[in-house]
There are 2 protein chains.
Amino acid sequence: MSVFGEPEVRTLSPALVVGSGLIGASVGMALTAQGVEVHLEDADAQQAAVAMAMGAGVTEPVAAAAVRLVVVATPPEALAETIAACLDTYANATVTDVGSVKGTILATLSRREHDMTRYVGSHPMAGGELSGPEHAKADLFTDKTWVITPHDTSNAHAVLDVRRLIELCGGRAVSLGAAHHDEAVAQVSHLPQLVSSLLAGLLTGVPKEHLRLAGQGLRDVTRIANSDPSLWRQIITANSAAVLSQLQELQRHLQWLLDRFDDPAAIEGFLAEGRAGRQALPGKHGAAAREFAVVTVEIPDAPGSLARIFATVEAAQVNIEDIAIDHDQNREVGFLEVSVDPAKAEELTATLRAAGWTVKE
Amino acid sequence: MSVFGEPEVRTLSPALVVGSGLIGASVGMALTAQGVEVHLEDADAQQAAVAMAMGAGVTEPVAAAAVRLVVVATPPEALAETIAACLDTYANATVTDVGSVKGTILATLSRREHDMTRYVGSHPMAGGELSGPEHAKADLFTDKTWVITPHDTSNAHAVLDVRRLIELCGGRAVSLGAAHHDEAVAQVSHLPQLVSSLLAGLLTGVPKEHLRLAGQGLRDVTRIANSDPSLWRQIITANSAAVLSQLQELQRHLQWLLDRFDDPAAIEGFLAEGRAGRQALPGKHGAAAREFAVVTVEIPDAPGSLARIFATVEAAQVNIEDIAIDHDQNREVGFLEVSVDPAKAEELTATLRAAGWTVKE
């Protein structure tokens, strides 16, 4: 209730989550933790039962007219049909979905007769390599970007309901049109997935003894190639036009390089452009990428070593910006790489050495 | 001296290192630490002086006839000329180099009149993002693969001298022919560099607000795009034929995908092939890639937190396979991701929670 006309916060309870995989179950857990009554629905009753056991809500049916919010979290290919059915069944509910692609859903829905005023799409930029409700977490969305994609006929109440959902889940709402969203994720997510798979696919033809020469660079470039092919087939297919356009731009950029492969200056220009693109990515805490000094300490690959090294680091009162472990491929030791402010590296190295640790630089 | 005819180990002292950047200075430090008398030569006297200060050797000249081993560690473009000059000047020395590409050097040298019996190329698979002698380390090569590329007329003594060099530096010698080596590094190192740069280069045309949606996947794929364009221009140019062949294979693979982009089954097949290629990469300690459970703990971004968390982990007596920090982009907290044997994850989670830490799963 507000004197100055601020919109009243409507209750989202009871809510229905359709599809209780990693994302659906995590939404259920987050809403339940905020006091919302959550009902779960899943074509796979076993999966819904696991989600209920995780604290994502209850599998008992709910009176259709009572439902205030429906979150559709099915696999990508089932989204449009499920959203349509929910708009018809839950006549008093705002309906949203958490799909990675928005345009194809809107196109499918707008060809039919549904009350589209109550539909507002959304897309939390969160997930994980492990799928299924058993990996769900109430804080999966905490401080993560969650794109909200209102369309031309979305009504204000529905948009505010989805904003409230994002708020209850701890996410940060960013509003983008559907086509705009789809182009952005084609660029920063779908194309990188295909590029990683493209390079990794060539490795199937590389002799094992050549792969022994592989370093961290190849590992990083191909990490996401390990993702689920079926899920990504659905995502790519749903965003086909935007991804195809990106792939064609990639192909032109590759052709540009191939056409000039006898010109060292062109190759250097190509590499410099890549560096500029990489440096345009925001760094941690949203700030521009920043250089840290790396102090590398040898650690035996056994319990307890890290605790003792960190106890030494604590004594040095140096803030740790990042850490990584580099495992030696041939003997059972690892190296701990501690990233710190360059001004603190020397002091930290001295402290570690004084405590008897082997510091590489 | 061996009764059973094992080759006598010849001394490598005095040795000359030509080019005192990261690799040359590190070789000098490693050899010096093993009692070898090392002389340093560099077109940039300042750089040689820094290397000397690092303990990589001395900048005083050495009598040419006395030199037993020459290690050429100049930038790639200067390698062939420098090796040729050293073969002529140091008539009693074995000459090697540490270049990333071997075939072009051999081709250049074999067109001319030098005593090629004393030349044996090599390539340590070690380095770093930071160049220059100030980042050199005596143990840069410890347990790293170091490829040795004998050619048709390399004599046995020269090969054994380079094996001895690798041994003194702590590396692991792997013998490959020059063309074989160049094909292998084109596949596992040079092509991945160009692919990362290719994708990153497109980011220069992506609006800033789209880049805000970028996650860890894009960051990983483009990490090595941040490498030095001039150094990589020289490497790519020197291995032009092998890299071009790889790029053309990449282009064909991309064309295959583009030709079938309206076929979901083809897209899924493409993604599955990428996953298979990624899984063909050897994991840590040379073993096949293996899955670990990841326990995620919230850490305040302040000194000391990690030490206290690791003290708790130590109490759990769980071996840590890997660790990573995931920084929250919006608030000043981080999450520590601890990879452990899946059988130990539950126990570790319980221990951490009992100690008051917030564990995400």
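# Notebook: a predicted two-chain model

**Entry 1, a loop residue.** I began with B:S20, which lies in the loop between β1 (15-18) and α1 (22-33) of chain B. Helices (H or I, at least four residues) and strands (E, at least two) are DSSP runs, numbered from the N terminus. This is a predicted model, in which local features need pLDDT of at least 70 and side-chain atom pairs count only at pLDDT 80 or more, while totals for chains, interfaces and linings use all residues. Residues are numbered from 1 along each chain as its sequence is written, chains are lettered from A and ligands numbered from 1 in the order in which they are written, and side-chain values use heavy atoms, with hydrogens and water left out.

Is B:S20 buried or exposed? B:S20 counts as buried because its relative accessibility is 0%. Buried means under 20% relative accessible area, exposed over 50%, and partly exposed in between (1.4 Å probe, protein chains only). I then listed what B:S20 touches, leaving aside neighbours within four places in sequence; among them are B:E41, B:D42, B:Q47 and B:P133. Contact means heavy atoms within 4.5 Å.

I looked up the secondary structure of chain A and found 13 helices and ten strands. Chain A has 361 residues, of which 52% count as buried. Of the contacts in chain A with a separation of 6 or more, 69% are between residues 24 or more positions apart.

I turned to where the chains meet: 125 residues of chain A and 124 residues of chain B take part in the contact. About 11600 Å² is buried between chain A and chain B, with 64% of that area from carbon and sulfur atoms. Buried area is the accessible area (1.4 Å probe) that two parts lose on being put together, summed over both.

I noted 26 residue pairs in polar contact across the interface of chain A and chain B, both residues at pLDDT 80 or more. A polar contact is a pair of N or O atoms within 3.5 Å; within protein, one must be able to donate a hydrogen and the other to accept it, and residues adjacent in sequence count only if both atoms are side-chain atoms. On the side of chain A that touches chain B, helix α6 (residues 178-202) of chain A gives the most, with 18 residues.

A salt bridge is a side-chain nitrogen of Lys or Arg within 4 Å of a carboxyl oxygen of Asp or Glu.

Which residue forms a salt bridge with A:E77? A:R233 does, with the closest N and O atoms 2.4 Å apart. A:R233 sits in helix α9 (residues 229-238) of chain A and A:E77 in the loop between β3 (69-72) and α3 (79-89), 156 residues apart. A:R233 counts as buried at 14% relative accessibility, whereas A:E77 is exposed at 52%.

A:R233 also meets B:E268 in a salt bridge (2.7 Å, N to O). That pair crosses between chains, with B:E268 in helix α11 (residues 264-279) of chain B. B:E268 is partly exposed, at 24% relative accessibility. Salt bridges that share partners join A:E77, A:R233 and B:E268 into one network.
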